[in-house]
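I opened this model to look up a few local features. My entries follow, in the order in which I made them.

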Amino acid sequence: AGSRQDEAAQAALDHRFMAAALRLSRRNAGRTSTNPSVGTLIVRNDGAGPMIVGTGVTAVGGRPHAETEALAEAGELARGATAYVTLEPCAHHGRTPPCANALVNAGVARVVGAASDPDPRVSGKGYAILRAAGIEVVEKVLAAQAAEQMAGYLIRSLRKRPEVILKLALSSDGKIGREGAGQVAITGDMARREVYLMRAEADAILVGIGTALEDDPALTVRLPGLENRSPARIVLDRQIRLPEASKLVSGVDRVPLYVAACLEADPQRRAALERAGVRFIGTETHEGGVALPELLEDLAALGMASVLVEGGARVASAFLADGLVDRIVLFQGPEAIGEGGIASPIDADHIPAGFRKLREMRFGEDGYAEWIRDL
Ligand code: AOF
Ligand code: ZN
């Protein structure tokens, strides 16, 4: 029977190990789709202080699950130990037996969980299996942090659409570019590298046809070691104006490119792009633009759990107006654009209601801030 002091010490320990499990889970973030990247720690506490005897992360590709790896590493040492899992252990028979049963069979005494799993095959059943076997279960430890890290998975499961991350780079006077000037450098090298990392963790990057024509961007990840981590690119292009000679189209054999166009758009343009390897997503029109909720539903059906919206102002405004943005990332460079600048639809002082600031930092000369909307 624990005293109140023992309980407080245990809670502090649980926080510490869950924080470690959450950091561990980031190792495969963006590489386990449509599964989330989960972290598991198996910890023994035999009096001489806690000791980690097993660690696991969801494997690249989504399987095996984190628990499988951690339990295999712990072996017999899992008996009587505590398992820290960033997501409720699964209860369904997939390619492997349920993780909840594996924890029971390994003789684990306690399970501490962060996020609950909305997957209807799990959704409370994982924790129930553990409790039925006499295992002590503590839920929702660092749940908000877990939900933030697994936002893509959770939003896709609950809302049948991907997480939408809106990223904008602003000049010191709040502009995102200059009319007719193509790509304008706003942020420096460190910020650019951070954007590459964001791209590598997303399932898709999305821009409007205006940005595609104006900037001729490649929208790939150009970082040593991450060259193969470019996600799919998506262009909102109702009338199919994207030229075959664009960088987006010419890179199509390495990185998929989707054009979201209306079904009535020029079939010859469509055929030409399809011959080049471009894939099409038929869209409905809403207020002169692509109907975004329906498009996002289609992207979720394609397995995408997160979409990074990179431009331009019109597309950003449309996602914001529809209440479809889940995360806002603002970079701010040190220089002004001034006359002829394109105003950003949003800045740090005008973040829509319902968002909370998650972090703020600097990348060299540039500021960075990130907000999320809780589920
Ligand atoms: C866990 N541990 O590491 C992960 C879990 O297709 P399957 O069989 O891999 O099942 C996918 C589901 O597994 C997914 O929707 C989610 O419920 C769960 N993910 N569960 O116990 C893990 N990644
Ligand atoms: Zn599992």
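**Ligand shell**

I sorted the shell around ligand 1 by residue class: eight residues are nonpolar, five are polar and five are charged. Here Ala, Val, Leu, Ile, Met, Phe, Trp, Tyr, Cys and Pro count as nonpolar, Asp, Glu, Lys and Arg as charged, and the others, Gly among them, as polar. The shell holds 18 residues, and the closest are Val 38, His 65, Cys 90, Gly 94 and Asp 119. A residue is taken as near the ligand if its C-beta atom, placed from the backbone, lies within 6 Å of it.

I noted the conventions. This is a predicted model, in which local features need pLDDT of at least 70 and side-chain atom pairs count only at pLDDT 80 or more, while totals for chains, interfaces and linings use all residues. Residues are numbered from 1 along each chain as its sequence is written, and chains are lettered from A and ligands numbered from 1 in the order in which they are written.

**Annotated domain**

I checked the record: an unreviewed UniProt entry lists residues 12-137 as "domain: CMP/dCMP-type deaminase". Such annotations may be inferred rather than shown by experiment; the positions are in the numbering used here and feature names are shortened. Over residues 12-137 I read 30% helix and 23% strand, with the end C-alpha atoms 16 Å apart. Helices (H or I, at least four residues) and strands (E, at least two) are DSSP runs, numbered from the N terminus.

**Helix H4**

Which residues of H4 (residues 125-132) are buried? I found Gly 126, Tyr 127, Ile 129 and Leu 130. Buried means 20 or more other C-beta atoms within 10 Å of the residue's own, exposed means 12 or fewer, and partly exposed is in between, with C-beta atoms placed from the backbone. The buried residues of H4 fall within an arc of 155° seen down the axis, so they line one face of the helix. That arc is taken over the directions from the helix axis to the C-beta atoms. On the other side of H4, Arg 131 and Ala 132 are exposed. I listed what covers the buried residues, including helix H3 (99-105), strand S4 (110-115) and strand S5 (136-138). Gly 134, which follows H4, has a positive phi near 85°.

**Ala 369**

I located Ala 369 in strand S18 (residues 366-373). Ala 369 counts as partly exposed because it has 17 C-beta neighbours inside 10 Å. Leaving out residues up to four places away in sequence, Ala 369 touches Leu 330, Ala 348, Lys 357 and Glu 360. Contact means C-beta atoms, placed from the backbone, within 7 Å.

Terms used
Two residues are in contact if their C-beta atoms, placed from the backbone, lie within 7 Å.
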